[in-house]
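Me: I'm new to this one and would like a close look at a single part of it. Could you start with the whole chain and then zoom in?

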Amino acid sequence: MKRTLLTLISIFCVLFTVNSQTVWDPIQNIDPSTGADAYVIASGDLDGDSDIDIAMGTYNFSADVVKWYQNDGSGNFTIMPTVSDAGTLFGIGGMVIADLDGVNGNDIVASSYSNDTVMFYANNGAGGFATGVAISTTADGAGQVTAVDINNDGNLDISVAEYDGATTSWFPGNGDGTFGAKQTIANVTLPGNLSFDDFDNDGDLDAIVGYIDGTTDGTIEIYYNQYIESGTMTVSWIKDTVTVDSGNPFLFVAAFADVNDDGILDIVKSDNTSGEVAWYSKVKNGPSIETMISDETIIDRPAVVAVADFDNDTYNDVVVTDGGSADDALIWFESTDFGGLNTEALIADHNYQVFGITIADFDGDGDKDIASVGFFSETVDWYENRLETLSDNDFVTSQLSIFPNPTKDVLNFEGFNESIIDITITDILGKNIMTTAHNSNETLDVSELADGIYNISINGKFASKFIKK
């Protein structure tokens, strides 16, 4: 954790100084007619002007398209000529933006499920893209793709989950837009998820593979890259001896992320059938500890789960999308700042069925926004994060404090101008313990709380921690 118990125990009275809060603007449309079944989306600078553009792909198995949208730097997007060639892609299940050839900036890679193809579209440096060149035409049931440096040679490599081929594979990049022969990461049945990071902190990238194993349904495994261990500058893979998780009826996401901000990678997952969205603290070749983020009572058919700092407080938050149409389309869980997550907050409520999002600062204002594709709506849209900086007028001028801290029975409040204050108390995991409207001139009875450390927030102006003992 970024803050220790020792620090917390030393808190008695706190002057609250937070000066921002996250508010999401209503949906803004980028493309009202993408073509049938908009499915994947990616973001990056595609025209060399340093702002963040967007690309997307459809998944209807009938002349699917890759399109891109030019950003003017303020979140105003122009629909550009279609990237893909007619009739070349059928079921775009993966997409990534990266500079693969070292010229003209970022390129686009897309996978095509039905014709087993991973296609590379080179940036031509003139606001467009060259005709697609196949990295592979034997990626059987090509799905999710990534661009990372697997063999530590300084060039980006391409990996792909081959759903029908029962394998996850990678293609060594030469740095000039050409690639070496296909190599295997893991042979598993029906793989759908790939994620890379240095989980064992040895200087090379390890892999998460999510797949359907035919026995316990969706299973998540970690495979350790042996590039460093081999001592021969060659890549091989060894599976962690203990499975991260299994028994997921429809595993949609399995990925590395540091959810609890302790500097150690965790694993996040979402399951589109069970409704479970969770994260796992995992020990190498040891057990995982599951922490639930969301369940079917919040979003019954979750799709994407992604981790990012949306409120610029250096702590990671979580966003979840609805892969159905009955629940809120996008929600987010703000970090409690010490390892937990607060209850869900709404970003958007519509029935677009969101299978793809990308997170970036689209309007150049210093905070992270969200862009998404709507499978039902056949649209590309974005949601502006209006991270509001509060002026001095938004705060009371006197010192705000609670006391005593630690406390046995009651809390007193000082410095609040309002006679009635709205109080929320949560435990260290972010669970809501108490919400009440209270007279600021009266003590608050906390004698029934279990001994421990709690968060308290008041009127959105004051936040602190207190110890009940």
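Predicted model: local features only at pLDDT ≥ 70, side-chain atom pairs only at ≥ 80, totals over all residues.

Among contacts in the chain between residues at least 6 apart in sequence, what percentage join residues at least 24 apart? After that, please take me to Ala303 and tell me what it is in contact with.

Reply: To your first point: if you take the contacts between residues at least 6 apart in sequence, 47% of them join residues at least 24 apart. Along the principal axes, the C-alpha atoms fill a box of roughly 70 × 50 × 40 Å. Buried residues make up 53% of the 469. As for charges, there are 17 positive and 75 negative ones, and their mean positions lie 10 Å apart.

Now let's zoom in. Ala303 sits in strand β24, which covers residues 302-308. It counts as buried because its relative accessibility is 0%, and the cut-off for buried is under 20%. So what is around Ala303? Setting aside neighbours within four places in sequence, Ala303 is in contact with Phe252 and Val253, with Ser270 and Asn272, with Thr321, Asp322 and Gly323, and with Val354 and Phe355. There's also Asp271: it is 32 residues away from Ala303 along the chain, yet their C-alpha atoms are separated by 7.0 Å.

Notes:
Residues numbered from 1 in each chain as written. Heavy atoms only, no water. Buried < 20%, exposed > 50% of the residue type's maximum accessible area, 1.4 Å probe, protein only. Contact = heavy atoms within 4.5 Å. Lys, Arg positive; Asp, Glu negative; His and termini not counted. Charge placed at Lys NZ, Arg CZ, Asp CG, Glu CD. Helix = DSSP H or I, 4+ residues; strand = E, 2+ residues; numbered from the N terminus.
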